Amino acid sequence: MEQFAVSGMTCAACSARVEKAVSSVKGVSSCTVNLLTNSMKVEGFATQNEIISAVEKAGYGARLLNESKGNRQSSISQKEELLKDVNTPILIKRLVFSAVFLLALMYVSMGHMMWSFPLPKFLAESHVSIALLEMILAEVIMLINRKFFTSGFKALVHRSPNMDSLVALGSGASFVYSLCMLFLMIHHAEAGNKVKVMECMDNLYFEGAAMIVTLITVGKLLESVSKGRTTSALKSLLNLSPKTAVIERDGKEITVPVEEVCIDDIFLVRPGEQIPVDGIVIEGESAVDESALTGESMPVDKVSGSKVFCATMNASGFLKCRATGVGEDTSFSKIIQMVSDASTGKAPVAKAADKVSGIFVPVVIGIAAVVFAVWMFIGKDVGFSLSRTISVLVISCPCALGLATPVAIMVGTGKGAKNGMLFKTAETLEECARIQIVALDKTGTITSGKPGVAEIICSHDSTEDELLVTAASLEAKSEHPLSIAVLEAAKKRNVSPKEVEHFKALTGRGLSAVLDGKKIFGGSFSYISSICRVDDDLAFKVRECSDLGHTPLLFCFQERVLGIISVSDMIKDDSVEAVRELSGMGIKTVMLTGDNERTAAVIAGQCGIDTVASSLMPEDKEGIVKNLSLSGKTAMVGDGINDAPALTRSDVGIAVGAGTDVAIDAASLVLMNDRLTDVSSAIRLSRATLRIIHQNLFWAFFYNAILIPVAAGAFAGFGIIINPMLSAAAMSLSSFCVVSNALRLNLVNVRNSRHDKKRKSNINLNKIIQENKTQSMEVNMSEKTLKVEGMMCQHCEMHVKKALEAIDGVTEATANHEKKEVVVKLSKDVPDETFAAAIKEAGYEMI
């Protein structure tokens with residue numbers, strides 16, 4: 001894809017003309033023109049010269065971005081150049097000079113003639129002199145605003161009339177008609193006919209011609225200032241881009257432009273400095289403010305081995321880092337590219353407006369011609385007919401149509417970026433507003449993806465400290481994931497493990513050791529109950545924990561049971577709130593997981609999720625998402641490699657920021673924070689953006705549909721007539737209203753759910769899941785049950801499951817550590833020796 005800067009566009013008709021001209025070039029597969037940033041994106045194999053030539057033939061200018069400054073210019077510099085506001089200063093200067101001369105013109109034409117303001121005697125006694133002065137002042141004002149005429153008539157010559165054409169025709173017609181009246185006035189003055197001179201004087205519209213271009217300039221200025229504000233989010237991102245880096249070369253510290261930093265360079269960051277590129281800390285400790293990337297204000301601690309990211313701020317300590325991502329490969333550059341692509345893209349909702357914009361100006365010119373002919377036919381004089389015609393030309397506003405969508409998209413994507421939500425395309429921003437179903441991956445999305453201690457249950461004759469000291473001392477020698485969870489829980493409670501002797505790990509059963517000369521044990525219920533008696537209350541608690549999908553670990557000191565430490569994949573703090581917010585929006589939720597049905601049902605129940613699909617493989621998730629999409633707009637939320645097929649298949653793929661690169665690449669919306677509530681926040685922002693777009697489009701169509709007939713004099717019988725000057729004022733404000741309305745998005749609190757509206761949904765998720773399950777069963781040819789020794793928790797189940805599902809012919813493996821069995825579904829025959837080898841390699845034994 002190539003990006004071009006386009007010059008000469010002034011309204012939606014211009015962008016439609018350029019898009020049509022480039023799209024007709026052989027080899028161009030797609031072309032998107034953005035009026036807001038005066039840019040164009042082209043895909044295909046057409047050459048740059050062919051594309052630029054097509055634009056020039058249409059009456060506009062184009063150049064390939066970075067062409068004039070060489071290939072070394074960074075993409076960030078290109079975007080800064082594209083967003084630079086060059087029009088506002090020019091418009092301010094034009095408006096100031098126009099206003100000065102217009103005040104003088106109004107003083108002469110209206111102040112003197114209507115309210116007898118004083119004039120020099122030689123002027124006051126000569127109407128011809130007054131008319132000549134009006135003509136000169138009007139000419140000066142029109143010369144100051146000559147861009148309307150050069151652009152407008154040039155567009156007419158190229159048969160692609162635009163808004164400037166309407167302004168030029170309206171203002172020009174007023175001036176030419178007044179000029180004719182001036183010549184007639186001179187003729188009557190020479191003949192001494194004062195009555196005819198006054199009649200001609202009353203039909204002069206020099207002030208109207210000047211007022212039209214001045215008021216349109218006011219509107220253009222307001223529009224330009226407002227458009228500048230819509231790009232403020234992207235500009236603020238670009239301003240965060242580091243310009244230099246301190247690197248270490250040959251033992252010396254040198255400061256270089258950030259573009260010169262290479263992969264594996266060692267760079268240094270002192271307190272208060274920006275991190276110039278992506279890297280890994282190799283020396284030092286610090287807290288880094290990553291709000292530029294995530295929107296989170298809390299600094300993140302960095303130590304040796306931690307990743308650091310470009311454009312984040314080193315808050316406290318000194319860091320020495322090795323560069324891992326430079327130039328356009330940094331996370332920051334990718335974020336800017338994503339925001340830029342989305343904000344300058346075109347949403348499907350804009351298609352209707354684009355079609356209208358393409359034919360709008362020619363239609364208006366035709367209407368104006370008909371209006372003039374009709375009024376002349378029914379007997380009105382030339383002055384009245386021309387005034388109605390000019391009003392139609394000037395009041396019509398294609399700009400409001402052209403800006404209705406892109407300004408809202410620009411503000412919406414910028415607002416999302418500030419809050420850690422990156423929409424990859426404008427289409428994604430629109431699609432999010434229509435989401436009816438959200439499919440959620442369990443591990444790493446709803447849950448943290450790593451085991452944690454859910455509950456500590458002490459026996460009646462022990463204390464929590466005694467239980468934790470024993471458990472931590474025993475688990476400190478183990479490398480099992482459950483041991484890490486127990487040790488973290490002990491650390492949080494300031495409990496330190498003691499040194500043990502004669503440590504033994506009994507695969508699939510538990511651990512044993514000697515502490516202070518006494519034997520201690522830890523492990524599953526069956527293992528501990530074979531060593532000492534477990535009372536009925538604790539046995540009941542073990543079953544209760546298992547029913548909740550947890551893994552209960554029992555510990556005993558000598559022959560005395562100390563209690564239970566229940567471990568599970570912990571639900572994230574905000575998962576319940578996230579599901580509640582989605583439900584409040586009328587969105588159905590379904591959890592997709594490879595875990596067993598019991599564990600999945602417990603977690604879904606705790607979170608309030610509507611439906612569960614368990615024991616799934618990646619291709620199963622994709623199939624379910626495909627079926628869900630047939631019933632309603634579906635978003636898939638995931639973070640792992642196994643979620644990538646489902647993310648791609650969904651209408652909107654959403655990857656959480658803590659996920660894998662594969663998931664992020666497959667998604668169309670990336671959440672920079674590992675926070676599930678950002679899903680509802682993104683939908684909330686998307687709904688607000690689409691609402692603004694609909695309001696803008698309604699205003700643009702309504703404005704033209706109502707005011708063009710009024711300007712034409714359709715309601716003249718009721719005394720409602722708009723003169724050309726009021727028409728120009730109305731047109732000036734229309735675009736300003738559209739842009740200002742889009743800026744209201746900056747006031748939206750994306751994390752506030754109080755104003756969410758619940759949309760009705762009749763989607764039967766259970767039916768869809770059941771149908772998918774039936775289809776999956778039909779695909780599988782057979783199944784086999786294997787007995788496996790050594791599994792003692794859900795993580796063991798996952799290891800075995802992963803090992804078996806890697807075998808060709810195995811479509812699904814469901815492990816149960818309590819039953820010590822694995823059920824494998826087969827699409828073809830697989831020898832038992834293959835199963836045994838895979839299970840052994842995973843660290844377990846097939847019986």
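## Second largest cavity

α32 (794-805) and β28 (810-816) each supply at least two residues of the lining of the second largest cavity. α32 gives the most, with four residues. Helices (H or I, at least four residues) and strands (E, at least two) are DSSP runs, numbered from the N terminus. This is a predicted model: local features need pLDDT of at least 70, side-chain atom pairs count only at pLDDT 80 or more, and totals for chains, interfaces and linings use all residues. Residues are numbered from 1 along each chain as its sequence is written, and side-chain values use heavy atoms, without hydrogens and water.

The volume of this second largest cavity is about 90 Å³. Its lining includes G594, D595, Q794 and K801. A cavity is a set of points on a 1 Å grid over the protein atoms alone where a 1.4 Å probe fits but cannot get out; lining residues have an atom within 4 Å of a point. Volume is the space filled by probe spheres set on the points, which are joined across faces, edges and corners. The structure holds five cavities of 30 Å³ or more.

## Strand pairing

Strand β7 (residues 266-269) runs antiparallel to β5 (residues 244-249), with three bridges between them. E248 has I266 of β7 as its bridge partner. Four bridges join β7 to β13 (residues 319-325), also antiparallel. Here V269 is partnered by L319 of β13. Two strands pair if DSSP finds at least two bridges between them.

## Helix α14

V370 is found in helix α14 (residues 351-377).

How values were computed. On a 1 Å grid over the protein atoms alone, a cavity is a set of points where a 1.4 Å probe fits but cannot get out, and a pocket is an open set with protein on both sides within 12 Å along at least five of seven lines; lining residues have an atom within 4 Å of a point.
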